[in-house]
Structures are given as C-alpha cells and as structure tokens.
Amino acid sequence: MSKRRIVLAVVTAVAGLAAVGIVAANPVHHAEVHTQSWSFNGFFGSFDQEQLKRGHVIYKDVCAGCHSMSLLAYRDLQDIGYTEDEVKAFAAEVQVEDGPNDAGEMFERPGRPSDRFKAPFPNEQAARAGNNGALPPDLSLMAKARAGAGFLGHDGADYLFSLMTMYKDPPAGVTIPEGMYYNEAFKGHQIAMPPPLSDSEEAPLDQQAQDIAAFLTWAAEGNLEERHRTGIKAILFLVIFTLLAYATKRKVWANVH
Amino acid sequence: MAAPVFKNPVIRWIDHRLPIFSYLHHEAYEYPTPKNLNYWWNFGSLAGFMLIVMIVTGIILAMQYTPHVDHAFNSVERIMRDVNWGWLLRYLHMNGASMFFIVVYIHIFRGLYFGSYKAPRELLWQLGVLIYLLMMATAFMGYVLPWGQMSFWGATVITNLFSAVPVIGDDIVTLLWGGFSVDNPTLNRMFALHFLLPFVILAVVIVHIMALHRFGSSNPLGIDTKGPQDTIPFHPYYTVKDTFGLGIFMMFYAFWVFWAPNALGDPVNYELANPLSTPEHIVPEWYYLPFYAILRSIPDKLLGVVAMFASILILFVLPWLDRSPVRAGTFRPVFKWFFWILVFDCVILMFCGKYPPEAYWMPFSFEIVDADTFTARVAEVRGIAHDQALNDVGEMWGVNAASGDFGIKIVRLGQLGTLYYFAYFLIVLPLLSIFETPRQVPLSISKPVLGGGKNVAHATAKPMEKA
C-alpha cells in the first residue's frame with residue numbers, strides 16, 4: 001500500500017469510529033452520572049461474588065418491599081455462590097399461590113427454587129395504591145434499561161449507583177411536591193422513591209450503592225461472565241484463523257503480477 | 001471454457017443429467033475476476049456472509065420466540081436466560097443487523113466511488129438498491145419483535161408515516177396495523193414478514209450475482225478487462241483473499257457481540273412496550289438515522305416522507321445522473337472531493353437523526369445542549385436578559401461567531417445536510433459529467449498507463465500490488 005492509501009484508510013476508519021461513537025452516546029439528558037470502577041467491566045471482567053451476595057441482601061431487605069424482579073428465579077441465586085440448600089431456604093421464606101388442586105381450589109405453599117422471585121404486590125393497581133400513585137418498576141432489566149452513556153454498555157450500574165447516592169436537598173427556588181424527593185441522577189430530578197439507602201454501621205452508603213448496582217447488573221446480564229470467556233476463546237480462534245488465512249493469501253498471490 | 005471433467009463418478013453421473021457442478025465450477029471457481037481488486041471489493045462477500053448468519057440465527061431464534069404482545073418480551077428474555085447459548089444467538093442476531101448494515105454501507109459507498117453503477121452494470125446496481133430497501137424493511141420489522149418500548153413507539157411512528165399518503169393514507173395505516181392501533185395483529189404480521197423477507201432478499205441476491213457475473217466485477221481502475229492477462233480465476237485467489245478479510249471482520253463483529261452487545265441499541269427497549277407512556281426521545285436504530293434526519297428536516301409531513309423515500313429511490317436513477325464516461329473516482333479530480341463530502345454529509349445526517357431537532361450542537365466544545373441551556377449560555381455570553389436571548393435564539397440559525405456562542409440547531413444542520421445529499425445527485429454529478437476533465441485513464445489493467453508517468457514506475461517498482 002502506498003502512503004496515501006494508508007492515510008486514506010486511517011481517515012476512513014477514524015470517521016467510521018467517530019460515527020459509531022455518536023451512535024453509542026446518549027441523547028441529551030439532564031441527569032448526572034458518576035462513573036465507578038466495576039469488576040465486571042473490561043475484556044476479562046467478572047462479577048465479585050461477595051459483592052453480589054451483599055447486593056442480594058440489600059435487594060431482599062430494602063428493594064423487594066416495593067420492586068418486583070419477575071424474570072429471576074430463586075435457582076438463579078446459585079450462580080452468585082449460594083449452595084442449593086441456601087437457595088431452598090431463600091425460596092421457602094415466601095408463600096406462593098399454586099393450584100388449582102384436585103378439589104379445584106388455589107392454595108398457598110412455601111416457595112421452591114424453580115419459582116420466580118415473588119412480587120411484593122399482586123398487580124399494578126395495588127403497587128400504585130401502596131406507593132402514593134407511583135409505580136415501582138420491575139428491576140430485572142433495570143441495569144440494561146438505563147444504560148447508554150458509556151461505550152461498553154455497563155454504565156447502567158453507574159446510573160444505579162448515582163441514583164442511590166445523589167439524593168440532595170432541592171436547590172433554592174426549586175420546590176418539590178409532598179411525597180416527592182430531589183435526586184440529581186434522576187431525569188427531571190424529581191423522584192417518588194424515598195432515599196432507599198443510607199450510611200449504616202455495617203457499610204457506608206457508597207459501598208451499599210455499589211453492591212446493589214452490581215447485583216442488579218448481574219440480574220440483568222447473568223450471562224456476562226460466560227459471554228466474556230466465550231469472547232476470549234472466539235478472539236483467540238479468530239486471530240489464528242486470520243493469520244493462517246493471511247499466510248495462505250500471501251502464498252497463493254505470490255505469483256500474480 | 002470447456003466443461004470440467006470430474007473424477008468422482010457420482011458427480012460425473014449427476015452432472016451429466018443436472019450440470020450443477022459444471023455451473024458452480026464455471027461461476028465460483030474459474031469465474032474470471034480482475035486481478036487488481038482491492039479490499040473494498042471484499043464487502044460484497046461479507047454482506048453475503050452476514051445474510052447467511054442472520055438467516056441461520058434468526059431461524060433458531062424463531063423456534064423460541066412467541067409473537068404475542070403478552071409474551072414476546074418475556075420470550076426474548078427466556079432466550080437470553082434459559083435457552084442454551086440463547087444469549088449468544090440473540091446477540092449475534094441483534095448486532096448482526098448492525099454489522100450487515102455497516103458492511104452494506106461500505107459496499108454501497110465503494111460502488112459510488114468507483115462508479116460501479118455505470119454501464120453496463122446499471123441493473124446490477126438497481127438490484128443492489130432493491131436489496132438495501134428490503135433490508136431496511138426487514139430490520140425495521142425485526143426491531144418490533146422484542147416488543148420493548150422503542151419497538152412499540154418506533155412501529156407507531158414509522159407506520160404512521162404512511163398516513164401522509166393522500167386519500168388512502170389512513171386505510172394503509174389500518175391495514176398495516178391490522179386494527180386501529182399498533183397491537184397484537186401488528187406484531188403478528190411483522191413477525192410473518194420478518195421471517196419471509198430475508199428469503200426474498202436471498203432470491204434478489206442470487207439475481208444480483210447473476211447480473212454481476214454477466215460482465216464481471218468492476219475494479220479500482222474502472223476500466224474493462226481486456227483479456228486473460230487482466231484476470232485471475234475467482235478460486236483460489238479471491239476465495240482466500242475474502243477469507244482473510246472475513247477473519248478481520250469477524251473479530252470486529254465478535255467485539256460487539258461479546259463486549260458491547262447493547263451499545264448499539266437503545267436501552268429503553270429493555271422496558272416492556274407501554275402504549276400509555278411515550279419515551280422521552282423516539283430514535284430509530286443508527287442505520288436509519290440519516291433518513292430520519294431527512295424526514296425531520298422538512299416541516300411538511302407528506303413532503304418529509306417523500307424526501308425520505310426519494311433519498312433512496314434516487315439511487316435507482318443514479319446511473320443516468322452521472323454521465324461521466326470515467327468510472328473510478330481515482331481519475332476524477334473534482335468528483336473525489338464531492339464524494340468525500342457526501343460521506344461526511346451522511347455522518348452529519350446520522351448525527352442529526354440521533355439528537356432532538358430543537359437541540360443545539362456546539363461544534364467547538366463538542367457538546368449537544370437543549371434549547372434552554374443554549375439560550376442561557378447565549379444570555380450569559382452576551383450579557384442580555386434571558387427573554388432577549390430566547391428571542392435571538394429563536395430567530396437565528398444558531399451561528400454567532402462574534403460573541404463566541406457558536407451553535408447550530410440540529411434541525412438546521414439536518415436541512416443543510418439534506419440539501420447537500422440531494423444536490424450531490426441532482427446537481428453535482430450531472431454538472432461534473434459536463435465540466436470535469438478526468439485524468440488520463442490507463443489502457444489496461446496489466447499495462448496501467450499508456451505513456452510514461454509515475455504510474456509506470458510505480459507498477460514496475462511494485463509488481464505485486466495486491467494488498
């Protein structure tokens with residue numbers, strides 16, 4: 001290749017990547033997001049199981065009071081390091097409606113690992129009625145549904161971290177209606193969810209926020225570790241494949257003038 | 001070109017009755033190809049590869065997917081969570097759409113630069129444009145299937161475009177919806193057509209290749225092959241060269257699938273479709289953005305729709321708009337500049353399609369800000385009241401270099417981009433055909449120039465120009 005063609009190719013590549021960058025970036029939004037360093041980012045990124053367990057406890061004790069997580073089953077918790085018996089115990093903590101039985105009646109039974117996470121409210125109306133008219137969204141995919149500002153798409157965790165930590169007093173001149181809260185990470189800054197986490201003896205707010213954000217990332221993207229591992233193998237294969245193809249190409253084309 | 005003698009008696013027996021092996025030998029093995037094709041010519045076969053990938057992953061996904069408004073979203077999540085390797089299939093398919101468009105866009109721009117649309121390959125080019133149109137329809141319908149927020153609202157916006165058609169517009173929309181709003185019947189017909197259209201594309205691709213093989217590939221010099229000294233058999237030369245290119249391309253593809261599978265999509269589509277709640281910004285996938293920008297840059301709905309479709313349909317008549325006898329842009333000193341501006345223009349249009357039309361782009365600080373923020377900055381820089389600034393901002397195209405508050409409203413930028421896009425095809429190309437003096441075109445591929453000059457030296461110094 002002549003120098004000019006190399007320059008042209010580089011310019012084209014840069015323009016192309018810039019275009020992709022535009023696409024990957026988010027539209028104008030007013031929310032502020034604080035970037036954190038996550039164990040699951042990067043080419044070899046993987047979850048920190050202890051962090052996920054801590055996040056799970058927060059979910060169970062705090063979030064699950066209002067938010068459902070309908071796409072996850074108790075059995076999924078084995079992925080974050082709980083034993084089968086522990087998972088059975090988690091499931092058995094809730095009563096699940098089943099049936100109809102042979103007499104045609106619905107009945108309650110303790111949860112099993114194959115059950116989906118039990119929702120705190122039986123339906124949307126009940127959820128709104130219990131929350132001042134606001135609907136607490138399902139959290140199964142929240143980490144993916146709020147991503148978008150970062151290139152590698154794991155920034156949903158950054159958003160969730162920011163949402164947990166950026167409750168503030170409203171600035172002068174801004175009035176927040178009764179039952180609403182001011183949060184700099186939330187679109188429009190006005191959110192119906194009261195601050196769910198605060199500094200405690202066990203852990204500072206920042207750590208709790210990181211833990212729950214990591215847990216929700218796992219919930220949305222449980223295949224992340226397998227995806228990264230498969231990706232590494234795929235790339236290794238492709239590098240060898242491409243080198244062999246290039247060598248073959250050189251050899252085959254050697255006599256073309 | 002005698003029929004080959006096959007050693008295997010079974011193949012010989014079949015080939016005598018059904019000459020399919022002779023045909024393949026003729027079309028895929030000895031098929032004479034210009035020996036000077038560069039890597040831009042790799043993208044046709046890459047597009048074919050992506051079509052196969054999309055069909056294979058798509059069929060397997062369809063085995064697990066449920067086209068019903070109550071189940072579609074969760075069935076996709078079931079594929080992601082419970083189906084063995086389901087996440088891989090879905091991410092391959094989802095990112096595959098983007099990869100397919102990247103490859104096809106490069107393929108199209110290659111054709112635009114090297115004049116591949118010119119006689120005698122006009123039909124070949126038009127078939128390609130038809131494939132592109134079918135791809136756009138297919139991708140749109142596929143995007144509806146997961147039934148997320150953007151699926152639903154995208155479907156609503158795009159189907160509503162047809163209501164701009166005079167007289168029968170509303171009837172067309174009702175027919176598309178299968179009812180009076182985007183609902184289950186809409187999802188069902190989208191699924192049926194999303195399954196059907198790829199096979200229609202495959203059929204048109206076969207005809208596209210038939211048309212290609214009539215005169216063979218064009219080449220970077222844009223001149224006809226003059227004989228066997230200019231060509232080499234497709235196999236092994238281009239099969240191996242394309243295989244190398246495929247390896248590079250698959251690494252690029254793998255990067256998105258394994259490390260950024262959701263980066264090219266809109267996060268809002270991970271929320272279940274909700275007809276009662278409109279997303280803040282309804283934005284199409286990146287490959288539609290330039291057309292979305294053209295649509296929005298015209299205030300009248302019908303004219304906007306007409307402009308959007310015209311921006312693609314204009315490609316059908318391109319061979320007759322560009323009358324220059326020289327195919328390759330390499331030998332057209334003026335054309336070259338306009339071509340690269342067109343590439344840049346399409347990137348700008350893509351950019352305009354992405355952001356809200358009323359937002360402002362501030363190119364020096366590389367920021368996109370909404371109208372309020374921009375107004376506030378104008379007020380600050382000029383030291384005037386907010387109302388006064390609002391008035392100024394409302395009037396201006398957004399440019400005021402004197403005070404430093406340089407910014408351009410996205411919709412204005414889109415209008416400029418649209419203007420250039422159409423001007424390129426309707427004004428620039430026809431005029432260049434008359435006024436441009438092309439450089440000396442080589443006589444043949446083997447003998448790059450007819451008399452002296454640096455190209456001869458170049459050719460002898462580097463006889464193996466093959467990268």
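Strands, marked E, are DSSP runs of at least two residues, numbered from the N terminus. The exercises below concern a predicted model.

**Exercise 1.** Find where His189(A) sits in chain A, and decide whether His189(A) counts as buried or exposed.

Solution. Begin with the location: His189(A) belongs to the loop between strand E3 (181–182) and strand E4 (190–191) of chain A. Next, look at the backbone, where His189(A) shows a positive phi of about 65 degrees although it is not a glycine. Finally, apply the cut-off, under which a residue is buried if 20 or more other C-beta atoms lie within 10 Å of its own. His189(A) has 20 C-beta neighbours inside 10 Å, and therefore counts as buried.

**Exercise 2.** Carry out the steps for Val167(B): where is this residue placed, and is Val167(B) buried or exposed?

Solution. Val167(B) lies in the loop between helix H7 (149–161) and helix H8 (169–177) of chain B. Val167(B), although not a glycine, has a positive phi of about 65 degrees. Because Val167(B) has 7 other C-beta atoms within 10 Å, Val167(B) is exposed.

**Exercise 3.** Which residue is joined to Pro100(A) by a cis peptide bond, and which residue is joined to Pro236(B) by a cis peptide bond?

Solution. In chain A, the cis bond links Gly99(A) to Pro100(A), with omega at about 5 degrees, and Pro100(A) is found in the loop between strand E1 (95–98) and strand E2 (107–110). In chain B, the cis bond runs from His235(B) to Pro236(B), with omega near 5 degrees, and Pro236(B) has its place in helix H10 (residues 234–259).

How values were computed:
Residues are numbered from 1 along each chain as its sequence is written. Chains are lettered from A and ligands numbered from 1 in the order in which they are written. This is a predicted model: local features need pLDDT of at least 70, side-chain atom pairs count only at pLDDT 80 or more; totals for chains, interfaces and linings use all residues. Helices (H or I, at least four residues) and strands (E, at least two) are DSSP runs, numbered from the N terminus. A residue is buried if 20 or more other C-beta atoms lie within 10 Å of its own, exposed if 12 or fewer, and partly exposed in between; C-beta atoms are placed from the backbone.
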